[in-house]
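Q: I've just been handed this one and I'm completely new to it. Can you walk me through it?

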Amino acid sequence: MIKVFTFVLLSTLCIHTTKSQNIIPIDTTHWEINAQSYVLENFKGKDAIYIQRGLAYLKDTKFLNGTIEFDVYLTERQGFPGVRFRAVDRSNMESFYLRAHLPGKPDANQATPVINGVSPWQLYFGSRYSFPYDYNYDGWTHVKLVVNGRRAQIYLDYAKKPNLSWDLIREPREGEVAIGGGGASAMHYANFTINKNEYDIVDFKPIKRKPIEGLVPEWQVSDIFEEKQLDDITNLTKVVKSRKWGKMIQVEEGTAANIAREVILRDGTPRNTVFAKITITSDKDQVKLFEFGYSDRVVAILNNNAIYKGTNRWRSRDYRYLGTVGLFDAIYLDLKKGENTLLLAVSEDFGGWLVTGKFSNPKGVTIK
């Protein structure tokens, strides 16, 4: 009986020691902390970091496939706590974060890539990239991320089955790992571990999104310029002629083209606008309805004449409006026989720099 008890005791100690060894201390020795503010402290029984508006990058570690786990102590405040991974640089990576202030809502969390510094959740939205969840504000929430190739899964609070399975957008490349988030509210993180040998994907059933039929498949985009140059419409021709062209963007998710794929938004200057261009060849003089979408603001210009101005920014239409992209606007284009040039001057703040469109009846027109 004594031998059996001793064996059980030693086994328990061994398991506990192994688990403790896997936990990476959250301190300035192991992490590079870039945040508005942070505190390293013992919180609710765990050695933790309380971090606000920023990220802590794990030093001397690259991650491709494996399992990442950590605990986060959530509050009902808006803070967007989460994990970034495969950060090939500080502007390109994959991410998953929690919208802890939206318990039970369809967008209670978010999986999204970060592309050239833009996190385009206004394109990667819906049940394909998020799920409703009732968060706990009286204890730690456990987050488990499993990554293998182009596939990823999230388990919250030791769930037996994944809460979310999704296809990763970026090509698999080894990169850095970080924890933290944006928003005004700080959150506590603790018990961070990485296991590069555990990368089994189970019950992988990602949600499929139905593509929008008939979209303009690609747009030509200009170089970036300041949005305020659009204020004087008598100056539009000059602004257009001074642009550089040549980059093309294609529709993604069967929904919209991502301008951030080809244009760097945040380069230390106030510039936030490009022209997205298509050439429409009409077989006669005619008026055609063009349905389109954008993020965040747009000025539409047909054959050098401004014909529409709109805003689709987050919270621009009501306090819960997300600004997600879709065919939510439409204009009647007065087309002349032959070639017509449609420019959409698209300006971005955050959430996705996007453009999309289609003719509801494409008969008599071709697009290039």
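Q: Okay. What sort of model is it, and how are the residues numbered?
A: This is a predicted model, where local features need pLDDT of at least 70 and side-chain atom pairs count only at pLDDT 80 or more, while totals for chains, interfaces and linings use all residues. Residues are numbered from 1 along each chain as its sequence is written, and side-chain values use heavy atoms, with hydrogens and water left out.

Q: Back to the cores, then. Which residues touch the most other members in the largest one?
A: Those are Ile68, Trp166 and Phe192, in a core of 46 residues. Apart from it there is another core, with 31 residues, including Ile259, Leu335, Leu344 and Val355.

Q: Which strands does β8 pair with?
A: One is β7 (residues 140-148), antiparallel to β8 over 6 bridges. β9 (residues 164-167) also pairs with β8 in the antiparallel sense, over 4 bridges. Two strands pair if DSSP finds at least two bridges between them.

Q: Which residues other than glycine have a positive phi?
A: Lysine 44 is one of them, with phi near 50°. Lysine 44 sits in the loop between β1 (31-43) and β2 (46-58), and its relative accessible area of 54% makes it exposed. Asparagine 191 is another such residue, with phi near 55°. Asparagine 191 belongs to strand β11 (residues 187-195) and is partly exposed, at 24% relative accessible area.

Q: Which residues does the cis peptide bond join?
A: Serine 295 and aspartate 296, with omega at about 10°. You'll find aspartate 296 in the loop between β16 (286-295) and β17 (297-302).

Q: New topic: how many aromatic pairs are there?
A: The count is 19 aromatic pairs. Phenylalanine 43 and tyrosine 73 make an edge-to-face pair, 5.1 Å centre to centre with 90° between the planes. Phenylalanine 43 is in strand β1 and tyrosine 73 in strand β3 (residues 66-73), so this pair ties together parts 30 residues apart in sequence. Tyrosine 73 counts as buried, at 11% relative accessibility.

Q: What's the rule for a pair?
A: Rings of Phe, Tyr and Trp (its six-membered ring) pair if their centres lie within 6.5 Å. Planes under 30 degrees apart count as stacked, over 60 as edge-to-face, and the rest as tilted.

Q: Okay, and where does tyrosine 73 stand, buried or exposed?
A: Buried, at that 11% relative accessibility. A tilted pair to look at next is phenylalanine 225 with phenylalanine 275, at 4.9 Å centre to centre and 35° between the planes. That pair links distant parts of the chain, 50 residues apart: phenylalanine 225 is in the loop between β12 (218-221) and α2 (236-241), and phenylalanine 275 is in strand β15 (residues 273-282).

Q: Which residues form an aromatic cluster?
A: Phe290, Phe292, Tyr294, Tyr308 and Phe359 form one.

Q: Last one: where is threonine 29?
A: Threonine 29 is in the loop between α1 (2-22) and β1, and it counts as exposed at 59% relative accessibility. Its C-alpha atom is separated by 45 Å from that of aspartate 318, which is 289 residues away along the chain.

Key
Helix = DSSP H or I, 4+ residues; strand = E, 2+ residues; numbered from the N terminus. Buried < 20%, exposed > 50% of the residue type's maximum accessible area, 1.4 Å probe, protein only. Core = buried A, V, L, I, M, F, W, Y, C linked by side-chain atoms within 4.5 Å.
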